[in-house]
Structure formats: C-alpha cells, structure tokens
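Hi,

Here is the structure I promised to pass on. Have a look at it first, and my notes on what turned up follow below.

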Amino acid sequence: MRRRIIITILFVLVACGQAFSQEMTLEQCIDQALTNNSALKSNEMGTVAAREESNMALKDFFPSLRLQGNYSILDQSPRLIVNRNSFSQGVPSADAQLPLGDKDFYSAAINLRQPIFTGGILTGNYRKTREASEASHLEYKGRKKQLVYEVKKTFYEALNENLHTEAIEKMLNAKKERLSVLKELSAEGYAARDVVLRQETDILFTELDLLKNRNRGETALDRLKKLIHREESENLTLGGTAFNALLIPSLQQVREAALAHREELQSGRSRVRMADADVTVARGSFFPQASVTGSYLRQKETSITRPEAWMLTATVDWPIFEWGKTVNDVRRATARKQQEEYRLDDSTREIGIEAEQAWRAVKEEEKAVAAHESEVRTGEYCLEQDLKKFVEGTVKLADLLTTEAEFIKAHNGYLSAVNSLDIAFARLEAATSTPLESWLVPQPLYRPDMEDYSRRSAQLIRQRKGRRAQFAPALSPTAEVAQTAKPQPHPVPSAVDTKIMTATTSAVTIQIGAYISQGNARETRREILKKIRDKEVQILSVGKFYKVRILGFTSAAEAKDAMVKAGISNYLVMTKNIGE
C-alpha cells in the first residue's frame, strides 16, 4: 500500500512538473498562435461576415417570395348605408343599413417579386460586396503572415536574451574570481585598495547588465505567451535550433515578388474595384427601377370579398427631382475611388521600400554571422592556447577564466547573430509574402564542443584551486590581474632606472615575476633594490613579458637565505642559465 502511495505521489509530481515547465519549439509556438490568437480569430470572423454579405447581394438577382397574413377584429360589423331616394324617388323610402360581414376578418397572401431593371444597382452592389469579401480575405492572410513573423521575431529575441544572459553570467563569475584574487593580494599588501574598489564597482555594473538582460528576456517571453494565447503564470522554456543560410535573389527580384504577392497591395486593388462598383451603384439612381410582382390572396368571404384572388403587378419607380441628391452621391463615390487609388499608390511605394530594407537587413546579418563565426574560431584558438599555458603555469586562473568567458561570449554572440539572421529571414518573408525555401542555400552551423572545453577548464581549475600561481604576485596589481592588458612598446630605458637584458649570466638566478607592463616590472625592481642592495636586479624581455630576476647567487641555498632575509616568499629559483 505504501509503495502504491509513493508511486502515485511521484507520478503527480512528474505530471505537475511537466505542466508547470514546458519546452516549446518555434513550430509549436506558430501552430498555437495560429490556433488560439484572438486578433487572428477576429480577422477570420470579419472574413466570414464579408463573404456572407456577398452571398446576400447575389440573392437580390433572384425572385423573392413573401407570405403575409392578417387577422383583424372590428368594434362593429362592417355595413353599407344606402340613403333614401338613392335609386329613384321613394327608393328606398328611408336610409337603409346593409350588413357586409362579421366583426372579424382574416386574409393570407403569397407575393412573388422579381426585379427587372435597376440601372446597374444590383450589379454594382454585388461587385462591391464581392470585392469587400476578397479584401477581407486578403487582410486575414496578411494578418496571419504578420502573426507568424511576430512569433518568430519574439521567439528569437527571447533566445538571444537568454544567450546574452548566459554570457554575462560567465563574465560575472570570472570577475568575481578576479576580485577574490585581488582581495587576497590586498590583504598581503600586494594590491592597492582602489583597484579592489574598481573591481567591485565593475561587478556591480555587470550585475546591472545581467538584471537588464533577464528583464528583457522575461518581457520577450511574456510577449510570446500573449501571441500564442498562454497564461503569464505558465513556465515556458524555448527549444529548437537556429537555421543558417545565404539568400540568393537580387534586390530587384525581391521587390518584384513583394509587389506581386503582398496581401496589402492585393487588398488595395480590391478596394479600388469596390469603390468603382460604388460609383456604379450611385449612378444607378439616375435610371428607373422596374419590377414585377405576382400575388395570390386567400381571405374570409363576405358580401363584397371573394375567398381567393390572383393579381399580377408591374411597377416602375423613377425619382425625377431630388435637389441634386443623386449627383452628390455620384461625386462622393468618385472621390472615394480616387482616395483608394492614392492609397494604393502610396502602399506600393512603401512596400517596395520595406522589401528593400528587409533584403538589406538579411545581407547585413549574413555578414554579421560570418564575422561572429571568425570571432568564435579565434576565441577557440585562444582558449586552447591558454589551457596549455595554464598547465605550464604561465597563465593565471583569472586570465584563464577571462579567456573562457570571452570564448563563451563569442559563441553566444555567434548563435545570437544566427538568430538575428533568422529574424531577418522572417521579416523578408513577411515583406514579400513569398516562401523563402527556394531562395535560400542552407549553410552549416559552426559548433565547437563547448562541453569539452568547459569540462577541461573545470578539471584544470580544480587541480589548481587553493594554490597560488607559479610566479610571484605583482607588487603592482595591474600586472598580475589585469584581464585585457595589452603589450606596451619596448622603449629604450635609462641605465639608471633599469636594465633590460637578453640573457642572464649567473649560475643561480631568482625570478620574482613576469609582467606585460614594463612600468610594473620597473616598480617591482625598485622595491627589490630597497631590500637587496648587494645583488644585481635585471629585467629580462621575453616575448611580450618583462621578467624581473635577481643575479649573483652562487648556490640555491644562498638564494633562498637571501629571500628569507628580504621577506620575499614567492619566487622561482633557476639553477642554470636561462635565456628564454
């Protein structure tokens, strides 16, 4: 029994987890939007209404059959009064009242009416409603494609914000690691307080950027939920892969496709034809309206009514004078037609520009994808080199974390660029109302093994965690912890200030540190000369590094004793000539 209860609880928890967190691909989001979006449903109902209105106008060409029934009750029975002497003198001799029927009376009639001539009003009304139906249908198709574009755009924007958030989180972790190193150096007197404060401020601004990106990501998700008609409280995660491709058609081909297929232009042309039909309807009032009506009447028989009767009626209705009302109506309809023509011309120019902008945006994003791919390859190479140098001890932990964060940032920037390219494709598809499958040449996505790099980096960091770097910490903090310090040019120093050598000449040498900045190396040399005055201190230029070394020791024991007396605890003993 207990086992069943546990299984039931686990099943409920799994079901709840699936209910509260659901991963959706782009295709699933589009399907749900097309099925559930309220604005799209509103457009669809407008299309249905316009189609039924067109059907109603078509029925006006056919005969109409009406059934009419009456039942009446009078306060008195109907009568016929015959005055005296009506026929001759004394006939009748007095007024006479002749009954004509009862107090109640009923009748039923069937009327069949067929329009014969309306001056083009019926034809114009049908053309007008038919074009209105077509315009409504085209607007619905346009709204449908616009909704698909909005879903794609919002979907990829949410993915981009997630990628940016991940990159900022990695950068934030690297900066926090450097801050911990700085605090240790500051506690030992090797780093100035202002450097620690600047790093703390930098971390605060990075956390602010992280918060902004998270807020933008949540906002994009909320917009997506609205588009696909999901509750804001639902936990929605996005899945799927991006698509990389190159666009084949030229700008002129894209423009022509947009002008031929855009629903707005087709709808505009329908509205021009609808306005032209309205002019025909207005002009129809200049002509007579002719119709034929056939009736069959069934009624209560009385002294003056038959129980049934047939009747055929021809009617002509022709307004002769209405103070220019018909003329005004024709002018109004003509002005409306010209208004729609001007709107169509303006829309044609605007859509041409929109298609051009969409095409140029795709070309820009294609270049951006190529540039970001190159950046990813560069970052991958730099990370590979720094992993090797970290094993050798020539790269600090903070520098490795910075390189890894920059690589992840570059990779996420590449994926973000591909997502932006997909947004540009969706925009071009909406701008031209043309499927892009035949226009695109798929391109492979560059996929470095991010998990392998993360695993290797974490493994190396665990091995070095808790230990200091191989070289001594800098007396000037910027040389040891600066993440993006650039190599400075090698000016010729004065003989009094420092010595920059290419090789050492003593049997035992002590190396204190390796710096990118020559100024930091000089400062370290001056600090050492204050503590050790009987030895020569040189600065050795090796590649982009300036290495501070103490010469003149005959044995390793002598060198170590000198370091103990000087209070220097971090150093490297070199027991042979090293001219790196």
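**Salt bridges and burial**

At 39% relative accessibility, Arg273 counts as partly exposed (buried is under 20% relative accessible area, exposed over 50%, partly exposed in between, with a 1.4 Å probe and protein chains only). Before going on: this is a predicted model, where local features need pLDDT of at least 70 and side-chain atom pairs count only at pLDDT 80 or more, while totals for chains, interfaces and linings use all residues. Residues are numbered from 1 along each chain as its sequence is written, and side-chain values use heavy atoms, with hydrogens and water left out.

Arg273 makes a salt bridge with Glu131, with the closest N and O atoms 3.1 Å apart (a salt bridge being a side-chain nitrogen of Lys or Arg within 4 Å of a carboxyl oxygen of Asp or Glu). Glu131 sits in helix 4 and Arg273 in helix 7 (residues 263-283), so this pair ties together parts 142 residues apart in sequence. Helices here are DSSP runs of H or I with at least four residues, strands are runs of E with at least two, and both are numbered from the N terminus. Glu131 is buried, at 10% relative accessible area. The structure holds 32 salt bridges.

Another one joins Glu429 and Lys152 (3.2 Å, N to O). Glu429 is in helix 9 and Lys152 in helix 4, so the pair ties together parts 277 residues apart in sequence. Lys152 is buried at 17%, while Glu429 is partly exposed at 25%.

**The second largest pocket**

A pocket is an open set of points on a 1 Å grid over the protein atoms alone, where a 1.4 Å probe fits, with protein on both sides within 12 Å along at least five of seven lines; lining residues have an atom within 4 Å of a point. Its volume is about 770 Å³, meaning the space filled by probe spheres set on the grid points, which are joined across faces, edges and corners. Helix 4 gives the largest share of the lining, eight residues.

**Strand 12**

All eight residues of strand 12 (residues 508-515) are buried, so the strand is largely enclosed by the rest of the structure. Strand 12 pairs with strand 14 (residues 545-553) in the antiparallel sense over six bridges (pairing needs at least two DSSP bridges). Val508 has Phe553 as its bridge partner there.

Cheers
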